[in-house]
Every structure is written in C-alpha cells, then in structure tokens.
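Thanks for coming. I will take a few minutes to walk through one model, starting with the overall picture and then going to the details.

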Amino acid sequence: MASQVQQFPGQEQVVLDFYRKNPSALSQFEGPILENKVVEFILELAQVSTREVSAEELIAASEGVSEEE
C-alpha cells in the first residue's frame, strides 16, 4: 500500500482515506501479502544443504523431473 500512496505525492492522505472507506479496494493487496507469508513460511521450514554434482548428474536429474511432470 505504501508504494500506491507514494505514487500520489501530496495526496497521500486522500489515498489512505480512499482505502479506509473502500474495503473492497484493499482486497488487491491481500493476494500478494498472503503469497509472501506462504513463501516465508516455506523458507522457514526448508532444510537447505549444499552438494557438489557433476554436469551429467545435474542433467540426468533435470530430465527425470521433466519426465515425471
């Protein structure tokens, strides 16, 4: 919402009032906010490890993924 407000210099309060008076206009922010929260949650649970692989192993693994899809 801050980026939306910044697009109207000098009219920040008008834009904020618009969103306060129009809850349906706020719904445009719900999707991206929810998406960010989901990504953050997944990243918190992720267990990342590093492993060296040869080019052949990498290609074989990527071909295996595309065949399963």
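This is a predicted model: local features need pLDDT of at least 70, side-chain atom pairs count only at pLDDT 80 or more; totals for chains, interfaces and linings use all residues.

What pattern does the protein chain follow, read along the sequence? The pattern is α-α-α-α.

Now the overall dimensions. Along the principal axes, the C-alpha trace spans about 60 × 25 × 20 Å. Buried residues make up 7% of the 69 residues. The protein chain exposes about 6400 Å², and carbon and sulfur atoms supply 56% of that area.

Next, the core. In soluble globular proteins, nonpolar side chains tend to be buried together. Which residues make up the largest nonpolar core here? There are five: Val5, Val15, Tyr19, Ala25 and Phe29. Helix 2, residues 12-21, and helix 3, residues 23-45, each supply at least two residues of this core.

I will stay with Tyr19 for a moment. Is Tyr19 buried or exposed? Tyr19 has a relative accessible area of 6%, and because the cut-off for buried is under 20%, Tyr19 counts as buried. Leaving aside residues up to four places away in sequence, Tyr19 touches Met1, Gln4, Ala25, Leu26, Gln28 and Phe29.

That brings me to the aromatic rings. The structure holds two aromatic pairs. Phe18 and Tyr19 form an edge-to-face pair, 5.3 Å centre to centre, with 70° between the planes. Phe18 has 43% relative accessibility and so counts as partly exposed. Tyr19 also pairs edge-to-face with Phe29, at 5.3 Å centre to centre and 65° between the planes. Why does this pair tie together separate parts of the chain? Tyr19 lies in helix 2 and Phe29 in helix 3, so the parts joined are 10 residues apart in sequence. Both Tyr19 and Phe29 are buried. Taken together, Phe18, Tyr19 and Phe29 form one aromatic cluster.

Last, Phe8. Where does Phe8 lie? Phe8 is in the loop between helix 1, residues 2-6, and helix 2. With a relative accessible area of 37%, Phe8 is partly exposed. From Phe8 to Arg51 the separation is 43 residues in sequence and 49 Å in space, C-alpha to C-alpha.

That is the end of my walk-through.

Technical notes. Residues are numbered from 1 along each chain as its sequence is written. Side-chain values use heavy atoms; hydrogens and water are left out. A nonpolar core is a set of buried Ala, Val, Leu, Ile, Met, Phe, Trp, Tyr and Cys residues joined through side-chain atoms within 4.5 Å. Buried means under 20% relative accessible area, exposed over 50%, partly exposed in between (1.4 Å probe, protein chains only). Helices (H or I, at least four residues) and strands (E, at least two) are DSSP runs, numbered from the N terminus. Contact means heavy atoms within 4.5 Å. Rings of Phe, Tyr and Trp (its six-membered ring) pair if their centres lie within 6.5 Å; planes under 30 degrees apart count as stacked, over 60 as edge-to-face and the rest as tilted. Accessible areas come from the Shrake-Rupley method with a 1.4 Å probe; for residues, only the protein chains shown count as cover.
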